[in-house]
Amino acid sequence: MSFESGSSSSEKKKKIAIIGVSCVLLVAVVVGVAVGISGTDDKDDKPAPPKGGGDSGQLQTSNKAIESICQPTNYKETCENSLKKAAGNVTDPQKLVLIGFQAAIEALEEATKNSSTVKELALDPMAKQALDNCEELLDNAIEDLRNSFNSLGEFHFEKMDEFVESLRIWLSATITYQQTCLDGFENTTGEAGHRMKEILVASGQLTSNALAMVTGLADIFKSMNFAGMNRRLLESSDDKFPTWVTPEKRRLLQATPATIKPDMIVAQDGSGQFKTINEAVHAISKNSNTTFVLYIKAGVYKEVVALSRSLTNIMMIGDGPTKTKITGDLSYTQGVQTFKTSTVSISGNHFMAKDIGFENTAGAIGHQAVALRVQADMSVFYNCQIDGYQDTLYAHTNRQFYRDCTISGTIDFVFGNSATVFQNCKMVVRKPLDNQRCIVTAHGRNESHQPTGFVIQNCTFMADPEYFPVRFINKAYLGRPWKEYSKTIIMESQIDDLIDPEGWLPWLGNFGLETSFYAEYNNRGPGAALDKRVTWNSIKKLTPQEAEGYTAANFFLGNTWIPATGVPYSPGFMSTA
């Protein structure tokens, strides 16, 4: 790799040496944490023989270095023990990585098996659903660990920022999937939930430690101030595109149905290959490395659509967000777990949607009823409409970008634990039940090191016509802390008078009020006044420099993956004129 031209030869060598040491530490971190998952309960302090280990030698890591690496973790003793056990007899870093990730995968697979055994304890129908969901969620956690391993194999020094960011995002998703599994047991009876919590203790602690240590290393690299490297990562040029965006399809999000050649067409009138979306989804090849365009002609499609993790690089294009609509009515009051109420769920990475509506019509009386659930990494939604009441958009995990979209609902209608940026979107508050208040966001960050949060930039918070007359009776708020470290930043946005002057609402008592992160920056409108806002410790006042850190280019390295899609995109501050 190259550094700034002004650096001397000795400075270059010094920086290269620092990078080399840091990368070795990163390998040790990942390996140590992963290996520890399988060895936490082992009473024998003697390191177990490695699987497929080297012939001789031993990884030399001092106790002082281990203590330093483990310092930022929440479970230091577990961290230190796991790193010491990682030494083994293997010296080849690649083999250590393989051993470590395989151990982590095996531990989560064991948890999946245990969840099947726990089913015998589940007499409550909702608990049975929660266990089924746990199997799916733990499979997701395993896949994200595999993604992390694969990224290690493709590591390049000049992409250090991208590498660390992806690793943190995927580890965060792994934590979230485990937490979502446990959330499913709320309000259920029997011992199944308690037993599942016990099963996930070890993997939860070690995954948390992994994220904390990788975050610590990320901070080290930032402190080194490799400005040249960071600039290269943040600069974007038209001749550099992600491998999953083929040259002939990279501008499809700017195109119209009349000017594109889709790979498949869905039309209710029979003018396409299929009349239903599910028929088309079942016919799409799995694990595609190139973009597959599915054109859905105008119509109301009453279907529950699920794009699994194996359906990658899918682009859905409709005839308009009110013309092409996918609708369903599953809800919690029907006895369906929130996780499974979604009309459309997207799990395959690099998903893109344009000119489509997603809807859940269960109404306010249905309580939790998701219109769209997204856990696809680097997913993009452009000119889409997402309508529901409570829990409309479940922005579950990973990196997501919404541009020029309309999202409507009543309670917590944008929720989840993803790293998501909304630009130029409309947040429309609808009329709730008579005794209900309305909350726009409920972010679910449950670890301080998770690189997640909602950034709502240059959007409009507005009242639906039916809600407008009762907006001062059924009060509306910007957000509340669903989890302990909830994080939401609202910047450069129009906030109408429907938002209560206090701005933010507690979840339950003092929960999360000290540890969450809520900030408003350079907003406008009658609801943007800050003089009567709540004064919790979690309410932050950002400097311009701090606010810039939450622009898309900085918050989730948006320049490295969004411009290639062709969607309108603002990497920095946006004009509010």
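Begin by selecting Asp412, a residue of strand β16, which covers residues 411-416. The model on the screen is predicted. In an unreviewed entry, UniProt lists Asp412 under "active site". With a relative accessible area of 4%, Asp412 is buried, because that value is under 20%. Next, display its surroundings: leaving aside residues up to four places away in sequence, Asp412 touches Asp391, Ile439, Val440, Thr441, Ala442, Arg480 and Trp507.

Turn now to the aromatic rings, which form 15 pairs. Select Tyr521 and Phe573, whose ring centres are 5.8 Å apart and whose planes meet at 25°, so the pair is stacked. Tyr521 belongs to strand β25 (residues 517-521) and Phe573 to the segment after α12 (552-555), so the pair ties together parts 52 residues apart in sequence. Tyr521 is buried at 17% relative accessible area, whereas Phe573, at 38%, is partly exposed.

Then select Tyr550 and Phe555: their ring centres lie 6.1 Å apart with the planes at 45°, so this pair is tilted. Tyr550 is buried at 13% relative accessibility, and Phe555 is buried at 10%.

For a cluster linked by ring pairs, highlight Phe351, Phe358, Phe381, Tyr402, Phe422 and Phe454.

The charged end of Arg373 sits over the ring of Phe339, 3.9 Å from its centre. Arg471 lies over the face of Phe468, 3.7 Å from the ring centre.

Finish with helix α6, residues 160-183. Its 24 residues reach 34 Å from the first C-alpha to the last, close to the expected 34 Å. Helix α6 is mostly covered, with 20 of its 24 residues buried.

Terms used. Residues are numbered from 1 along each chain as its sequence is written. This is a predicted model: local features need pLDDT of at least 70, side-chain atom pairs count only at pLDDT 80 or more; totals for chains, interfaces and linings use all residues. Side-chain values use heavy atoms; hydrogens and water are left out. Helices (H or I, at least four residues) and strands (E, at least two) are DSSP runs, numbered from the N terminus. The expected span of a helix is 1.5 Å times one less than its number of residues. Buried means under 20% relative accessible area, exposed over 50%, partly exposed in between (1.4 Å probe, protein chains only). UniProt positions are given in the numbering used here, feature names are shortened, and annotations may be inferred rather than shown by experiment. Contact means heavy atoms within 4.5 Å. Rings of Phe, Tyr and Trp (its six-membered ring) pair if their centres lie within 6.5 Å; planes under 30 degrees apart count as stacked, over 60 as edge-to-face and the rest as tilted. A charge sits over a ring if NZ of Lys or CZ of Arg is within 6 Å of the ring centre and within 35 degrees of the ring normal.
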